[in-house]
Amino acid sequence: MKNGIPGDAACGQWVNRRWSAFYSQRCRSYFDSFLRCGDGRQGPVARTTPWGGRRRLAPAQCGAYPASDRLPVPIVPFPSFSRTAAVLALCLGTAAHAQTAPQPLSYAQAGQLLLTRSDRLAASAREVESARLRRQAMQGLGGPSVALTGMAYHYSASADIRLDPARQSLSDIVGLLPPALGGAVGAAVGQLPPIPSSVSLHREGNRASASASLLWPLYLGGLADAVRGELDAMTDEAEADAASTTLSQQTLLAQRYFGAQLAARAAQLRQRALAGVREHADAADRMLAAGVISELERLQARAALADAEQQARKAGDEAALAAAALARTVKASAAVRPSNALFVDSRPLAPLPRFIDAAWAHHPGLAKVQAKRRQAGALHDAQEALRRPQVLGFGMHELATHGRPNWVAGVAVRYTLWDSIDRNQLAAATQAKIDQADLTEQQAREDIALLVEKNWLAVEHARTQYLAQQAQDDLARELLRLRRAALAAGTGTALELIDAELNLAKVQTERAQTAHQYVQALAALLESTGQGAQFEQHMAQADIQITPDAP
């Protein structure tokens, strides 16, 4: 603790700061007197301050308070009664800033978070898993099927049997015998009880039975293979959709990530311009009081300050919104700050035909069209299989607990001679689907090649535009240097200096926007070629980096 100020172990180190608008507002009572310079013009001079010392501006600095003139701000002891409160306020402010400071996030980390937390990627992965499981379930299609059948039941049966025909038949038989034998038999039959005209029977009980059956398609004309082929093609289509979703999400991540960097860069430039405009606006107030400038010039400086404040607030809000969009994209639990800067590779891209060949080999859209073509081919094969005969093997064996069980085994052949469905028309329809898929693939190749060329040209245009803007940047910096020198020499106005600073911020913002266009065009190019995973490689090879706090 020195002069009432906490040391390094308590809330940081106190250092001398340059003169700024912040101290201009709070210490104006110490710097509000003006003395005559050597050439008769007015210039601000600090009179004796509570900590002692005076400083007079050089004659070349009269008439303005140039940005190059810096007054050291000494350490001011806190009054004894407020020393503890000041230390607590500083400590609490530092702790709050540490808690709310956004965490740095590299592009590679953002990509990993996107792959593990994106709902769209998870949904596409589930679709692929569903298609694969469905295909695995049909792997044994066309194989044998064994079934076990069991029955247990209670029955009640009744029957009424008429005996008149039997009695008549017996009388007729006796009449046909020889007289001697017929008499004896007739006498014997006459001694038997009379035969009733009908007999009623009733049975009731419980029974159980079980049997095993086998059904084995020996030949289906290729129907099983056609079904499996269609399921394979459907799995390939799901994988192509998942790959397309991954590429689109990678492009979205590039948009959100480097969009946040662009917004941060724009906000930083606006804050930097605002600080300069505020400093010059305050200097204009002092110059008006000294009679150096008119009220119109002071009002112009204040109007420029109000506009700069509005632009800075807007840029800050846009930066916060872009950072929030990035955090929501990767589902981060806290605020994040992109750590990889905007970039531009000053070297030209590889030749266009190389990217077109890569697109034809890796674009998921072509893979999806090809999967559709295989599905149409499998459907056509299934239609043709129904024209062929079908051979089935079957068998059944009864599982009995008493006696010899019953069983049966055999082969069945089925061939459709005539059907109400026109198979020729169905075959022609499936063949038309195949032709449609072929034509769609040809058109997709042309469209993809055109898209790749468009994105390739966009990358090249952004690259050359960024390099061409270097001349505007140099011009804006030189203009700002001259305006500062002119103001220091008394030949320029504060408004001209403000315009020069705002112009530099505008040029630098435009260059950052061009770098952002380069990044987005590169991401779109890699998406159109199916090589989104190579984005980080291009980012690492770039020789120009534009950080938010770059000069």
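Eight bridges join strand β9 to strand β10 (residues 407-414), and the two strands run antiparallel. This report describes a predicted model.

**Aromatic contacts**

The structure holds eight aromatic pairs. Two of these are set out below, each with the distance between ring centres and the angle between ring planes.

| Pair | Distance between centres | Angle between planes | Arrangement |
|---|---|---|---|
| Tyr257 and Phe258 | 5.1 Å | 70° | edge-to-face |
| Phe343 and Phe535 | 5.8 Å | 65° | edge-to-face |

Plane angles over 60 degrees count as edge-to-face. The planes of Phe343 and Phe535 are at 65°, so that pair is edge-to-face. The pair of Phe343 and Phe535 links distant parts of the chain, since Phe343 belongs to strand β8 (residues 342-344) and Phe535 to helix α13 (residues 535-541), 192 residues apart. Phe343 and Phe535 are both buried. Tyr257 and Phe258 are likewise buried.

**Helix packing**

Two packed helices are described by the angle between their axes and the distance between the axes. Helix α3 (residues 107-117) packs against helix α7 (residues 223-289) at an angle of about 135°, and their axes are 11 Å apart. This angle makes α3 oblique to α7. The crossing of the two helices, α3 and α7, is right-handed.

**The loop at Gly490**

Gly490 lies in the loop between helix α11 (423-489) and helix α12 (494-528). The relative accessible area of Gly490 is 45%, and the residue is therefore partly exposed. Although Gly490 and Val292 are 198 residues apart along the chain, their C-alpha atoms are separated by 9.7 Å.

Conventions
Residues are numbered from 1 along each chain as its sequence is written. This is a predicted model: local features need pLDDT of at least 70, side-chain atom pairs count only at pLDDT 80 or more; totals for chains, interfaces and linings use all residues. Side-chain values use heavy atoms; hydrogens and water are left out. Two strands pair if DSSP finds at least two bridges between them. Helices (H or I, at least four residues) and strands (E, at least two) are DSSP runs, numbered from the N terminus. Rings of Phe, Tyr and Trp (its six-membered ring) pair if their centres lie within 6.5 Å; planes under 30 degrees apart count as stacked, over 60 as edge-to-face and the rest as tilted. Buried means under 20% relative accessible area, exposed over 50%, partly exposed in between (1.4 Å probe, protein chains only). Axes are lines fitted to C-alpha atoms, for helices over the stretch in contact, and angles run from 0 to 180 degrees between N-to-C directions. Angles under 35 degrees count as roughly parallel, over 145 as roughly antiparallel, 65 to 115 as roughly perpendicular and the rest as oblique. A crossing is left-handed if the near helix is turned anticlockwise from the far one by less than a right angle, and right-handed if clockwise.
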